[in-house]
Amino acid sequence: MFSFNEIKKSLAASVWLMFLTFPILVIRVNTVENVVEWRWKNMVYAGAAAFIISFLANFLVKRKEAGNKNEKDKGNKETLFISQRLLNDKRFFFPALVVVTIFILSFPFLFSMYQTSIMSTALIYVMLGLGLNIVIGLAGLLDLGYVAFYAVGAYSYALLNHHFGITFWVALPIGGVLGAIFGIILGYPVLRLRGDYLAIVTLGFGEIIRLVLENWNAFSFGPSGISNIPRPDLFGIDLSLQANINFIYYILIGLVIFTIFVVNRLQNSRIGRAWIALREDEIACQAMGIDKAKTKLMAFALGATWAGMGGVVFAAKTTFINPASFTIWESVMILCIVVLGGMGSVIGVIVGAMVLILLPEYLRAFSEYRMLIFGTMLVTMMVFRPGGIIPDIRKKYTFEEKDK
Amino acid sequence: MDWEYLLDLFLGGLTRGSIYALIALGYTMVYGIIELINFAHGEIYMIGAFTALIVASVLGLMGMNHIVIIILASVIAIIYSAAYGFTVEKIAYKPLRQAPRLSALISAIGMSLFLQNYVLLAQTSNFLPFPSLIPDFDFWEPYAHILTSQELVILITTAVVMILLTFLIKFTRTGKAMRATAQDKVMAALVGIDVNRIISTTFVVGSATAAIGGVLIASHIGQINFYMGFIAGIKAFVAAVMGGIGSIPGAVLGSLVLGWTESFFTGYISSDYEDVFAFLFLVVILIFRPSGILGRSETQKV
Amino acid sequence: MMKNSFGRVLISIVLSVFMCLLISGSTFAADTIKLGVAGAHSGDLASYGIPSIKAAELVVKDINAKGGVLGKKVELLTEDDACKPEVATNTATKLVSQGVDVVLGHICSGATKAALGIYKDSKIICMSPSATNTDLTLSGDYPNFYRTIAYDDAQAQLQVKFATETLKVKSAAILHDKGDYGKGAAELAKKYAEQAGVDVKLFEGVTPGAVDYSAIVQKVKRAEVDAVIWGGYHPEASKIITLMKKERMETKFIGADGVKDDTFIKVAGKYAEGVYATGPMDVSQNPLAIAAKKAHQEAYGSDPGAFFDSAYAAALALLNAIEKAGSTDYDAVSKALKTEYVDTPLGKISFDENGDAIGIGFSVYQVENGAFKELK
């Protein structure tokens, strides 16, 4: 079953890895106390793990390549992912929808406050992911500074509330609008840039916003942040903590549904198709008469709106914000959600957000190894499913020859 | 006009720029060949520094000669970083050569997280003091207050590395193969170049330069930490883009420009907004030269 | 279809793990006293949070061996917040969901601020060994918050008083690391320095983790000030002082409790000589402190880290208050904390009506021959 060749390869990998990790894994240095600790056991672990993993990896890669070959041999038949197949089946769709709806609505009562709270966090990231999906997934513009708009939304609520006493519900649309405005401000200078240059400039903008918030104390209270941001109120009634957390959860469910609805409509509209054209081939798109500048700006602006609104909810949920919450890593996380989930597909983004946000929380049991596992997962997922968990299936119109 | 101050800032910027350059070279070489922003590159730099520290400590405890320690630590650090670069490429990037660009990017990010936490867990989260491997040269003493021995070594090393790399790229067969692969992978394979080997070589060379940077900066600053690769990586990446990503002289030029910009801005205006200014400067440059200072303006083929 | 089945397998694994952990996450243990320990246990500030876990573990082990509190065993619930406010709220929610009685934490002022909202609404007492932001106690917003470390205002006042009265400083440059703690401390130092008539020629922040600090050091050199006051942690401080000494600057360097750490001396080496830092009063002679340190060495094979003593004291204070109050009721325990004195490695302490500890304070230290020496 397993050829000798494969075993040889895995052994080689194992020895290599033992060599590679020798200094860092085996020797622990503490130059503060001038001690050197030798941990030979680790080398054995590393070797064993490497052997097993490389074996598994080779096995899976071979299967994947066999699967790819099969696909090519079978011709052009549409291979739908199982969930799409299920969803298309009307008999399955409606009952599933009902079950899911009931589950979503009763979630806070089935699970503890903590679970609801992190589910709310995940939902905020779903919104963010859907927003970024417009920019990256649909329009193909690599935006690494998305967190800037998130920060704009959060700080707009915090500051407006601090200075003018504006409540959550008024701040929500304002946050969205401000996000859009900043999206246009960001979009304007980068119209001429392509690909990775665009990426680095957007990254720069994300950092600029964060640094300005951090240093301009008079405006943003700097690193000490703004605290005591009021939670959303229900017609002026003060809610207890438990009720409030549930309330925020429902607000987010509403917002997410709204977002999905709007994004779906956008995807199938003229501007949506313009974005997809832009992503596929900029020059052809221009040749077809689509105004590149306007399309790009619309992408940035609309994408940023969701981040702005998400920011407002975030501020209301954590009641304390400071610039440290809006670093490059946040942008990277949201990017990972979009790509991991499957660029362009709404369900993919939702699954991506759930996995990426909930998993570190559930991995708290492994607390120390959390980020390590997370990193490994990202690499593994990408290697084995580069299209994302649920890749986007685009509508294809095919003409089949009648006679052969 | 305070000339001494200006000179100090200039030299400070030069040192900074040199460090960025050593890391940026790796970024730009990898990007030139496979069009990937190697997020894990900063971590390779950090691993180089850690490996050097570990080797130096062990050898120090064994009571070896100071010069021997420096040489052995640096060489071993370079070897290991190169090995890590090689391995990372094989695991995380090679399988994704045909995949969409963004997938490779996410894989790089995952690798970066993995390496950071791997070092964190295997070693410690504390800042570890790094012995100054570069001794204070006696003959340089009179000038030491303008430019310390460490800074001098950093500058000289960067210059040497850049010269060596240019030599490699321009005059050797491997260099030619690298340039060919960067231009057109398929064509290069058709003329008989082992594309996989060339890509691996690129990673190895890039990682080696990063390791040199890691050892030097660790000696200069005096402490290392598992997180140091991330920030240095971002700055170096900005520098590489500023100079025109894919171009080696561009990487060095961009790094120097970034170093000077930061140094002068801090010295004359404010240290608070140093990074903001650096990024704004980048935006301005890219507005006027969308492919970076020395980048080739790509003609888009229809 | 290989691709499909792989995807299916992957998703079912993920979902089932999800379900398992979901269910396991809400188990309530048997009747015990639950002490929550929250703080930075991962990430770049982990070295400030991990010693508190060790302190709590040692205290709990000790107290359980003596019969527990109110006849029940004490159970430790450790949660990580990575010093991030939004993670801290999740951490706090999780602890509350698990039925925690009192919380030792958090470590960073920002994270603490975020979490306190949750604890306040759930009426849970939270005691921090390290959050020094003045507003946490003095603003009155958080009546459920206590701490076993003095606040930033006190430190800043001490720094400036020492600088002007003992060192006769007339001009100063104040630097910080743009962080929550560092900038806050620096601003307070600036306020008191200006009040005392010191000419603050420079007030700037440096980016932590930057590759080179020579520019800011040159700027300070050009400003020709008597002293540099640093708000922030020791890694940047050691880098800056190394550069300053190499530039042959005679400027005095005054740091706060973020600098008063042995790692600072080890890292800066000979360049640390003569550096001043304020920090919690020296308790190394305190018998309980000596015993705690020994226990740490026996259990973990190394010396305790940052905030170990104050975390140990906080754990003792919390559990002692529950014992004295006779229950875990919020009002009873609060009253006990404010009226009862407890023996800790920091001395015999109690708490005032704002939640600050009585019986502790700050001193000025100077590095002499490779160690911090308390200046009387």
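Just after helix H8 of chain B, Gly222(B) takes a positive phi of about 95°. Helices here are DSSP runs of H or I with at least four residues, strands are DSSP runs of E with at least two, and both are numbered from the N terminus. The model is predicted: local features need pLDDT of at least 70, side-chain atom pairs count only at pLDDT 80 or more, and totals for chains, interfaces and linings use all residues. Residues are numbered from 1 along each chain as its sequence is written, and chains are lettered from A and ligands numbered from 1 in the order in which they are written.

A residue is buried if 20 or more other C-beta atoms lie within 10 Å of its own, exposed if 12 or fewer, and partly exposed in between, with C-beta atoms placed from the backbone.

**Where chain B meets chain A**

Two residues are in contact if their C-beta atoms, placed from the backbone, lie within 7 Å. The contact between these chains takes 55 residues from chain B and 43 residues from chain A. On the side of chain B, the elements that give two or more residues are H2, H3 (66-93), H4 (101-122), strand E1 (128-129), H9 (228-243) and H11 (274-288). H4(B) gives the most to this side, with 14 residues.

For classes, Ala, Val, Leu, Ile, Met, Phe, Trp, Tyr, Cys and Pro count as nonpolar, Asp, Glu, Lys and Arg as charged, and the others, Gly among them, as polar. By this division, the side of chain B that touches chain A has 42 nonpolar, 11 polar and two charged residues.

Chain A itself contains 16 helices and four strands. Of its 404 residues, 49% count as buried. Among contacts in chain A between residues at least 6 apart in sequence, 78% join residues at least 24 apart.

**A helix pair in chain B**

Helix H5 (residues 149-171) and helix H6 (residues 173-183) of chain B pack at an angle of about 75°, with their axes 5 Å apart. Axes are lines fitted to C-alpha atoms, for helices over the stretch in contact, and angles run from 0 to 180 degrees between N-to-C directions. H5(B) is therefore roughly perpendicular to H6(B), a label for angles of 65 to 115 degrees, while those under 35 count as roughly parallel, those over 145 as roughly antiparallel and the rest as oblique. From H5(B), the residues Leu168(B), Ile169(B), Lys170(B) and Phe171(B) meet Thr174(B), Gly175(B), Met178(B) and Arg179(B) of H6(B). This contact has four nonpolar, two polar and two charged residues.

**Backbone exceptions**

Most residues other than glycine have a negative phi, and most peptide bonds are trans. Glu35(B) has a positive phi near 55°; this residue lies in the loop between helix H1 (3-34) and helix H2 (41-61) of chain B. Glu35(B) is partly exposed, because 15 other C-beta atoms lie within 10 Å. Lys123(C) also has a positive phi near 55° and is found in the loop between H4 and strand E4 (125-128) of chain C.

The peptide bond from Gly105(C) to His106(C) is cis, with omega near -10°. His106(C) is in the loop between strand E3 (102-104) and helix H4 (109-122) of chain C.

**Asp180(C)**

Asp180(C) lies in helix H7 (residues 180-195) of chain C. Asp180(C) is buried, because 25 other C-beta atoms lie within 10 Å. Leaving aside neighbours within four places in sequence, Asp180(C) is in contact with Pro223(A), Ser224(A), Asn322(A), Cys108(C), Ser109(C) and Gly110(C). Asp180(C) and Asn133(C) are 47 residues apart in sequence and 8.7 Å apart in space, C-alpha to C-alpha.
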